[in-house]
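The points are numbered for reference.

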Amino acid sequence: MKKIKRIGVFTSGGDSPGMNSAVRAVVRTAINYKLEVYGIHRGYKGMIRGEFEKMTSKSVAHIIQQGGTFLRSARSKEFRTIEGRKKAYTNLVKNKIDAVVVIGGDGSFKGAGIFSQEYDIPFVGMPGTIDNDMFGTDYTIGFDTALNTVTEAIDKIKDTAHSHDRTFFIEVMGRDAGFIALKAGIATGAEMVLIPEIEGQEEKLEKYLSTTKKTSSIIIVAEGNNVGGAEKIAKAFGKRFKEHGVRVNVLGHMQRGGSPTAFDRYLASRLGVAAVDALMDNQRSVMMGYANHEVVHVPFNKTIKGKRGIGEELLRVNEILSK
Ligand code: ATP
(Lines give C-alpha, C1' and ligand atoms only; values in the text may rest on other atoms or scores of the structure.)
Protein backbone atom coordinates (compact mmCIF):
# COMPACT_ATOMS: atom_id res chain seq x y z
CA MET A 1 0.00 0.00 0.00
CA LYS A 2 1.23 3.52 -0.88
CA LYS A 3 2.65 5.51 2.03
CA ILE A 4 0.33 8.38 2.92
CA LYS A 5 2.09 11.77 2.87
CA ARG A 6 -0.73 14.15 2.03
CA ILE A 7 -4.43 13.95 2.77
CA GLY A 8 -7.50 15.92 1.73
CA VAL A 9 -10.55 16.79 3.83
CA PHE A 10 -13.96 18.11 2.77
CA THR A 11 -17.55 18.62 3.94
CA SER A 12 -20.43 17.40 1.80
CA GLY A 13 -24.25 17.27 1.66
CA GLY A 14 -26.29 19.34 4.11
CA ASP A 15 -24.18 21.39 6.52
CA SER A 16 -24.33 20.64 10.24
CA PRO A 17 -22.99 22.38 13.34
CA GLY A 18 -19.68 20.80 14.33
CA MET A 19 -18.37 20.34 10.79
CA ASN A 20 -15.77 23.04 11.50
CA SER A 21 -14.71 21.29 14.69
CA ALA A 22 -14.38 18.10 12.62
CA VAL A 23 -12.17 19.71 9.96
CA ARG A 24 -10.03 21.28 12.69
CA ALA A 25 -9.51 17.88 14.32
CA VAL A 26 -8.56 16.24 11.00
CA VAL A 27 -6.12 19.02 10.07
CA ARG A 28 -4.37 19.07 13.44
CA THR A 29 -4.16 15.27 13.69
CA ALA A 30 -2.68 15.10 10.19
CA ILE A 31 -0.08 17.70 11.16
CA ASN A 32 0.66 15.72 14.31
CA TYR A 33 1.47 12.74 12.03
CA LYS A 34 3.68 15.12 9.97
CA LEU A 35 1.36 14.80 6.99
CA GLU A 36 0.42 17.63 4.67
CA VAL A 37 -3.28 18.39 4.57
CA TYR A 38 -5.45 20.11 1.99
CA GLY A 39 -8.98 21.40 2.45
CA ILE A 40 -11.22 20.83 -0.55
CA HIS A 41 -13.89 23.53 -0.89
CA ARG A 42 -17.54 22.78 -1.76
CA GLY A 43 -17.49 18.99 -1.46
CA TYR A 44 -17.33 16.86 -4.60
CA LYS A 45 -18.13 19.94 -6.69
CA GLY A 46 -14.89 21.58 -5.58
CA MET A 47 -12.98 18.35 -6.05
CA ILE A 48 -14.10 18.35 -9.68
CA ARG A 49 -13.35 22.05 -10.12
CA GLY A 50 -9.96 21.83 -8.38
CA GLU A 51 -10.73 23.99 -5.32
CA PHE A 52 -7.89 22.77 -3.10
CA GLU A 53 -6.22 24.79 -0.34
CA LYS A 54 -3.26 23.90 1.83
CA MET A 55 -4.19 23.91 5.51
CA THR A 56 -2.02 24.75 8.48
CA SER A 57 -2.77 24.54 12.17
CA LYS A 58 -3.56 28.25 12.01
CA SER A 59 -6.05 27.81 9.14
CA VAL A 60 -8.34 26.06 11.61
CA ALA A 61 -7.78 28.35 14.60
CA HIS A 62 -10.91 29.87 16.21
CA ILE A 63 -13.37 27.76 14.23
CA ILE A 64 -14.22 25.04 16.78
CA GLN A 65 -17.14 27.14 18.03
CA GLN A 66 -18.46 28.28 14.63
CA GLY A 67 -21.56 26.84 12.96
CA GLY A 68 -21.76 26.01 9.24
CA THR A 69 -18.64 24.91 7.41
CA PHE A 70 -15.84 27.25 6.45
CA LEU A 71 -14.87 24.82 3.66
CA ARG A 72 -18.45 25.26 2.35
CA SER A 73 -20.61 22.32 1.33
CA ALA A 74 -22.38 21.40 -1.90
CA ARG A 75 -24.21 18.69 -3.76
CA SER A 76 -22.69 17.59 -7.07
CA LYS A 77 -24.65 15.90 -9.84
CA GLU A 78 -21.46 15.64 -11.88
CA PHE A 79 -19.79 13.42 -9.28
CA ARG A 80 -22.55 10.87 -9.89
CA THR A 81 -21.14 10.40 -13.42
CA ILE A 82 -18.03 8.46 -14.48
CA GLU A 83 -16.68 11.58 -16.24
CA GLY A 84 -17.18 13.71 -13.13
CA ARG A 85 -15.36 11.24 -10.90
CA LYS A 86 -12.53 11.07 -13.43
CA LYS A 87 -12.07 14.84 -13.21
CA ALA A 88 -12.08 14.57 -9.40
CA TYR A 89 -9.42 11.85 -9.57
CA THR A 90 -7.26 13.92 -11.92
CA ASN A 91 -7.38 16.82 -9.44
CA LEU A 92 -6.54 14.59 -6.47
CA VAL A 93 -3.51 13.24 -8.35
CA LYS A 94 -2.51 16.74 -9.50
CA ASN A 95 -2.57 17.89 -5.86
CA LYS A 96 -0.73 14.73 -4.76
CA ILE A 97 -3.53 13.69 -2.37
CA ASP A 98 -2.97 10.10 -1.17
CA ALA A 99 -6.08 9.71 1.03
CA VAL A 100 -9.22 11.63 1.91
CA VAL A 101 -11.53 12.28 4.89
CA VAL A 102 -15.15 12.99 3.93
CA ILE A 103 -17.51 14.62 6.43
CA GLY A 104 -21.16 14.21 5.44
CA GLY A 105 -24.18 11.93 5.25
CA ASP A 106 -24.76 8.52 3.70
CA GLY A 107 -25.01 9.98 0.18
CA SER A 108 -21.49 11.38 0.55
CA PHE A 109 -20.22 7.98 1.73
CA LYS A 110 -21.95 6.27 -1.18
CA GLY A 111 -20.09 8.56 -3.58
CA ALA A 112 -16.82 7.91 -1.73
CA GLY A 113 -17.38 4.13 -1.81
CA ILE A 114 -18.01 4.16 -5.57
CA PHE A 115 -15.00 6.41 -6.18
CA SER A 116 -12.58 4.21 -4.24
CA GLN A 117 -13.72 1.13 -6.14
CA GLU A 118 -12.81 2.91 -9.37
CA TYR A 119 -9.59 4.59 -8.20
CA ASP A 120 -7.00 3.54 -5.66
CA ILE A 121 -7.40 6.42 -3.23
CA PRO A 122 -8.62 5.49 0.28
CA PHE A 123 -11.50 7.44 1.84
CA VAL A 124 -12.69 7.36 5.44
CA GLY A 125 -15.79 9.17 6.68
CA MET A 126 -17.21 11.14 9.59
CA PRO A 127 -21.00 11.39 10.04
CA GLY A 128 -21.99 15.06 9.65
CA THR A 129 -25.76 15.55 9.54
CA ILE A 130 -28.34 16.94 11.96
CA ASP A 131 -30.80 14.07 11.36
CA ASN A 132 -28.98 11.41 13.46
CA ASP A 133 -30.29 8.74 11.11
CA MET A 134 -27.01 7.05 10.21
CA PHE A 135 -26.65 3.37 10.84
CA GLY A 136 -23.75 2.35 13.07
CA THR A 137 -23.42 5.46 15.23
CA ASP A 138 -25.42 6.58 18.25
CA TYR A 139 -24.83 10.22 17.32
CA THR A 140 -24.03 12.19 14.19
CA ILE A 141 -22.11 15.47 14.36
CA GLY A 142 -24.68 18.29 14.52
CA PHE A 143 -27.64 16.40 15.95
CA ASP A 144 -27.15 17.52 19.54
CA THR A 145 -26.93 21.18 18.51
CA ALA A 146 -30.03 20.94 16.32
CA LEU A 147 -31.92 19.21 19.13
CA ASN A 148 -30.97 21.98 21.56
CA THR A 149 -31.96 24.68 19.06
CA VAL A 150 -35.34 23.03 18.53
CA THR A 151 -35.85 22.55 22.27
CA GLU A 152 -35.16 26.23 22.95
CA ALA A 153 -37.53 27.36 20.20
CA ILE A 154 -40.33 25.06 21.39
CA ASP A 155 -39.91 26.19 25.00
CA LYS A 156 -40.57 29.73 23.81
CA ILE A 157 -43.55 28.79 21.69
CA LYS A 158 -44.93 26.78 24.60
CA ASP A 159 -45.04 29.93 26.74
CA THR A 160 -47.32 31.68 24.29
CA ALA A 161 -49.38 28.53 23.59
CA HIS A 162 -50.07 28.27 27.31
CA SER A 163 -50.81 31.98 27.79
CA HIS A 164 -53.37 32.03 24.96
CA ASP A 165 -54.82 28.50 25.21
CA ARG A 166 -53.61 27.49 21.76
CA THR A 167 -52.50 24.31 19.99
CA PHE A 168 -49.29 24.75 18.03
CA PHE A 169 -48.17 22.46 15.21
CA ILE A 170 -44.41 22.90 15.07
CA GLU A 171 -42.60 21.50 12.05
CA VAL A 172 -39.02 20.32 12.51
CA MET A 173 -36.50 18.82 10.08
CA GLY A 174 -36.52 15.07 9.41
CA ARG A 175 -37.57 13.94 5.95
CA ASP A 176 -36.82 10.29 6.66
CA ALA A 177 -36.19 10.19 10.39
CA GLY A 178 -37.97 11.39 13.51
CA PHE A 179 -35.03 11.64 15.92
CA ILE A 180 -35.15 15.44 16.23
CA ALA A 181 -38.95 15.42 16.62
CA LEU A 182 -39.12 12.58 19.12
CA LYS A 183 -36.22 13.67 21.33
CA ALA A 184 -37.40 17.30 21.25
CA GLY A 185 -40.86 15.98 22.16
CA ILE A 186 -39.46 14.25 25.22
CA ALA A 187 -37.30 17.26 26.13
CA THR A 188 -40.13 19.80 25.88
CA GLY A 189 -42.99 17.64 27.13
CA ALA A 190 -44.89 17.94 23.85
CA GLU A 191 -48.37 16.45 23.76
CA MET A 192 -47.79 14.58 20.51
CA VAL A 193 -45.06 13.84 17.99
CA LEU A 194 -45.70 12.88 14.35
CA ILE A 195 -42.73 11.06 12.80
CA PRO A 196 -42.03 9.26 9.52
CA GLU A 197 -41.37 5.91 11.23
CA ILE A 198 -44.95 5.48 12.52
CA GLU A 199 -48.13 4.68 10.60
CA GLY A 200 -51.71 5.53 11.60
CA GLN A 201 -50.96 8.83 13.31
CA GLU A 202 -53.90 10.65 11.74
CA GLU A 203 -56.45 8.70 13.79
CA LYS A 204 -54.39 9.22 16.92
CA LEU A 205 -54.23 12.97 16.32
CA GLU A 206 -57.96 13.11 15.71
CA LYS A 207 -58.63 11.18 18.91
CA TYR A 208 -56.33 13.45 20.88
CA LEU A 209 -57.88 16.68 19.62
CA SER A 210 -61.41 15.46 20.21
CA THR A 211 -60.85 14.09 23.71
CA THR A 212 -58.12 16.16 25.37
CA LYS A 213 -59.02 18.35 28.31
CA LYS A 214 -55.84 20.37 27.93
CA THR A 215 -56.29 23.99 26.97
CA SER A 216 -52.94 24.26 25.16
CA SER A 217 -50.88 21.69 23.28
CA ILE A 218 -47.62 21.34 21.41
CA ILE A 219 -47.64 18.90 18.50
CA ILE A 220 -44.26 18.36 16.85
CA VAL A 221 -44.37 17.41 13.21
CA ALA A 222 -41.28 15.90 11.54
CA GLU A 223 -41.38 17.12 7.93
CA GLY A 224 -41.43 13.58 6.44
CA ASN A 225 -44.26 12.19 8.59
CA ASN A 226 -47.05 10.47 6.69
CA VAL A 227 -49.95 12.78 7.70
CA GLY A 228 -48.39 15.83 5.97
CA GLY A 229 -46.53 19.07 6.69
CA ALA A 230 -47.52 21.26 9.65
CA GLU A 231 -49.32 23.79 7.40
CA LYS A 232 -51.42 21.09 5.77
CA ILE A 233 -52.29 19.36 9.03
CA ALA A 234 -53.14 22.64 10.77
CA LYS A 235 -55.40 23.67 7.89
CA ALA A 236 -57.31 20.42 7.93
CA PHE A 237 -57.60 20.01 11.69
CA GLY A 238 -57.82 23.71 12.54
CA LYS A 239 -61.15 24.02 10.72
CA ARG A 240 -62.65 21.04 12.49
CA PHE A 241 -61.29 21.81 15.94
CA LYS A 242 -61.76 25.57 16.14
CA GLU A 243 -61.81 25.47 19.94
CA HIS A 244 -58.09 24.61 19.91
CA GLY A 245 -57.06 27.94 18.32
CA VAL A 246 -54.62 26.15 16.03
CA ARG A 247 -51.37 27.90 15.02
CA VAL A 248 -48.37 26.78 12.97
CA ASN A 249 -44.65 27.31 13.28
CA VAL A 250 -42.16 25.89 10.76
CA LEU A 251 -38.71 26.11 12.31
CA GLY A 252 -36.84 25.63 9.00
CA HIS A 253 -33.16 26.25 8.43
CA MET A 254 -32.47 27.80 11.83
CA GLN A 255 -32.15 24.17 12.96
CA ARG A 256 -29.02 23.67 10.86
CA GLY A 257 -27.08 26.71 12.03
CA GLY A 258 -25.54 28.05 15.20
CA SER A 259 -22.57 27.39 17.38
CA PRO A 260 -22.12 23.65 18.06
CA THR A 261 -22.84 22.36 21.56
CA ALA A 262 -19.98 21.10 23.71
CA PHE A 263 -21.05 17.54 22.87
CA ASP A 264 -20.89 18.12 19.10
CA ARG A 265 -17.45 19.75 19.43
CA TYR A 266 -16.26 16.83 21.55
CA LEU A 267 -17.72 14.23 19.16
CA ALA A 268 -16.24 15.95 16.09
CA SER A 269 -12.85 16.16 17.81
CA ARG A 270 -12.78 12.50 18.81
CA LEU A 271 -13.97 11.24 15.43
CA GLY A 272 -11.55 13.57 13.59
CA VAL A 273 -8.56 12.13 15.43
CA ALA A 274 -9.91 8.61 14.84
CA ALA A 275 -10.38 9.27 11.10
CA VAL A 276 -6.73 10.17 10.54
CA ASP A 277 -5.62 7.31 12.84
CA ALA A 278 -7.68 4.97 10.64
CA LEU A 279 -6.03 6.21 7.43
CA MET A 280 -2.57 5.77 9.00
CA ASP A 281 -3.65 2.25 9.93
CA ASN A 282 -4.38 1.58 6.22
CA GLN A 283 -8.14 1.44 6.70
CA ARG A 284 -10.44 2.54 3.90
CA SER A 285 -14.16 2.92 3.17
CA VAL A 286 -15.12 3.06 6.85
CA MET A 287 -17.09 5.66 8.79
CA MET A 288 -16.01 6.71 12.26
CA GLY A 289 -19.02 6.07 14.47
CA TYR A 290 -19.66 6.59 18.19
CA ALA A 291 -21.40 3.72 19.97
CA ASN A 292 -21.64 3.21 23.73
CA HIS A 293 -19.18 6.08 24.28
CA GLU A 294 -16.50 4.45 22.14
CA VAL A 295 -15.28 5.17 18.61
CA VAL A 296 -16.21 2.39 16.19
CA HIS A 297 -15.40 1.76 12.53
CA VAL A 298 -18.44 1.07 10.36
CA PRO A 299 -17.96 -0.02 6.72
CA PHE A 300 -19.48 2.46 4.24
CA ASN A 301 -21.64 -0.38 2.85
CA LYS A 302 -23.29 -0.89 6.21
CA THR A 303 -23.94 2.81 6.80
CA ILE A 304 -25.53 3.08 3.35
CA LYS A 305 -27.66 -0.06 3.43
CA GLY A 306 -28.47 -0.21 7.13
CA LYS A 307 -31.52 1.56 8.49
CA ARG A 308 -31.36 3.01 11.96
CA GLY A 309 -34.59 2.37 13.85
CA ILE A 310 -36.05 5.02 16.15
CA GLY A 311 -36.10 2.60 19.12
CA GLU A 312 -39.15 1.28 20.93
CA GLU A 313 -37.94 2.60 24.28
CA LEU A 314 -37.90 6.23 23.08
CA LEU A 315 -41.45 5.84 21.80
CA ARG A 316 -42.55 4.32 25.10
CA VAL A 317 -40.96 7.11 27.15
CA ASN A 318 -42.70 9.71 25.02
CA GLU A 319 -46.03 7.86 25.18
CA ILE A 320 -45.99 7.63 28.99
CA LEU A 321 -44.84 11.19 29.66
CA SER A 322 -46.93 13.07 27.12
CA LYS A 323 -50.28 12.09 28.63
P1 ATP B 1 -27.44 14.82 3.98
O2 ATP B 1 -27.70 13.71 4.95
O3 ATP B 1 -27.24 16.11 4.65
O4 ATP B 1 -28.41 14.85 2.85
P5 ATP B 1 -25.63 13.44 2.25
O6 ATP B 1 -24.17 13.24 2.27
O7 ATP B 1 -26.49 12.20 2.36
O8 ATP B 1 -25.99 14.52 3.35
P9 ATP B 1 -26.34 13.74 -0.57
O10 ATP B 1 -26.82 14.93 -1.31
O11 ATP B 1 -27.18 12.52 -0.57
O12 ATP B 1 -26.05 14.25 0.94
O13 ATP B 1 -24.89 13.35 -1.12
C14 ATP B 1 -23.86 14.32 -1.22
C15 ATP B 1 -23.13 14.15 -2.54
O16 ATP B 1 -22.55 12.84 -2.60
C17 ATP B 1 -24.02 14.24 -3.77
O18 ATP B 1 -24.30 15.57 -4.15
C19 ATP B 1 -23.17 13.51 -4.80
O20 ATP B 1 -22.18 14.37 -5.32
C21 ATP B 1 -22.49 12.43 -3.96
N22 ATP B 1 -23.22 11.16 -4.16
C23 ATP B 1 -24.34 10.75 -3.52
N24 ATP B 1 -24.76 9.56 -4.01
C25 ATP B 1 -23.90 9.23 -5.00
C26 ATP B 1 -23.78 8.13 -5.91
N27 ATP B 1 -24.66 7.13 -5.91
N28 ATP B 1 -22.73 8.13 -6.77
C29 ATP B 1 -21.84 9.13 -6.79
N30 ATP B 1 -21.91 10.20 -5.97
C31 ATP B 1 -22.90 10.26 -5.10
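1. A polar contact is a pair of N or O atoms within 3.5 Å; within protein, one must be able to donate a hydrogen and the other to accept it, and residues adjacent in sequence count only if both atoms are side-chain atoms. A backbone N or O atom of Gly105 is placed 2.9 Å from an oxygen atom of the ligand. For Ser76, a polar backbone atom is 2.7 Å from a ligand oxygen atom.

2. The model is predicted: local features need pLDDT of at least 70 and side-chain atom pairs pLDDT 80 or more, while totals for chains, interfaces and linings use all residues. Residues are numbered from 1 along each chain as its sequence is written, and side-chain values use heavy atoms, with hydrogens and water left out.

3. The ligand is surrounded by 17 residues (a heavy atom within 4 Å). Arg75, Ser76, Gly105, Gly107 and Ser108 are the closest. Helix H4 (residues 106–118) supplies the largest share of this shell, 6 residues; helices are DSSP runs of H or I with at least four residues, and strands are E runs of at least two, numbered from the N terminus.

4. The structure holds 13 aromatic pairs, that is, rings of Phe, Tyr or Trp (its six-membered ring) with centres within 6.5 Å; planes under 30 degrees apart count as stacked, over 60 as edge-to-face and the rest as tilted. The rings of Phe79 and Phe115 have centres 5.8 Å apart and planes at 25°, so this pair is stacked. Phe79 lies in the loop between strand E3 (52–55) and helix H3 (82–94), and Phe115 in helix H4, 36 residues apart.
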